[in-house]
Amino acid sequence: MREIMEFPENPMDFIKDYQRHTNGSDLIPVYRVKQMLEHYGIKKTDNNDWTPVEDGLPEETGYYLVTLSRRLPDEDYSNRVVVLFDECENQFMCYENLIVAWMPLPESYNQAKGEPEEVECLSGCDRRRKK
């Protein structure tokens, strides 16, 4: 039976410690890698930055790119649309029953960095967030 390892705070420290305990070996058995991934909560993903709605909703009010469970009639790429999420209502403002996954929009190309942008929730609460 395989023993359970102790894990440092950082996954890279795990790799360094493992190499030190195995005389510098770069080979880590698959079962150890699986233990590490489970411990650090690292999930295999083939979907880039998409978050399934079952795994949670956004934490901040803003616009998000979403994937719908079906295409909208007569529109190209209509299974991927930009939708407003309201953190105070904790819901997307349209297509809520069709959304299967979401991701943040990329920053604008020429967007100035620095000061937080004022964002107002649809239900009236005020929040400040950094871009």
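A polar contact is a pair of N or O atoms within 3.5 Å; within protein, one must be able to donate a hydrogen and the other to accept it, and residues adjacent in sequence count only if both atoms are side-chain atoms. Keep that in mind for T61, whose side chain reaches the backbone nitrogen of E87 at 2.9 Å.

This is a predicted model, where local features need pLDDT of at least 70 and side-chain atom pairs count only at pLDDT 80 or more, while totals for chains, interfaces and linings use all residues. Residues are numbered from 1 along each chain as its sequence is written, and side-chain values use heavy atoms, with hydrogens and water left out.

Now for the overall layout. The protein chain has two helices and seven strands, in the order α-α-β-β-β-β-β-β-β. Helices (H or I, at least four residues) and strands (E, at least two) are DSSP runs, numbered from the N terminus.

So where does T61 sit? You'll find T61 in the loop between β1 and β2. T61 is buried, with a relative accessible area of 4%; buried means under 20% (exposed is over 50%, partly exposed in between; 1.4 Å probe, protein chains only).

| Strand | Residues |
|---|---|
| β1 | 51–52 |
| β2 | 62–68 |

Of the 131 residues in the protein chain, 24% are buried. The largest nonpolar core has 11 residues, including Y64, F85 and W102. Such a core is a set of buried Ala, Val, Leu, Ile, Met, Phe, Trp, Tyr and Cys residues joined through side-chain atoms within 4.5 Å. β2, β3 and β5 each supply at least two residues of this core.
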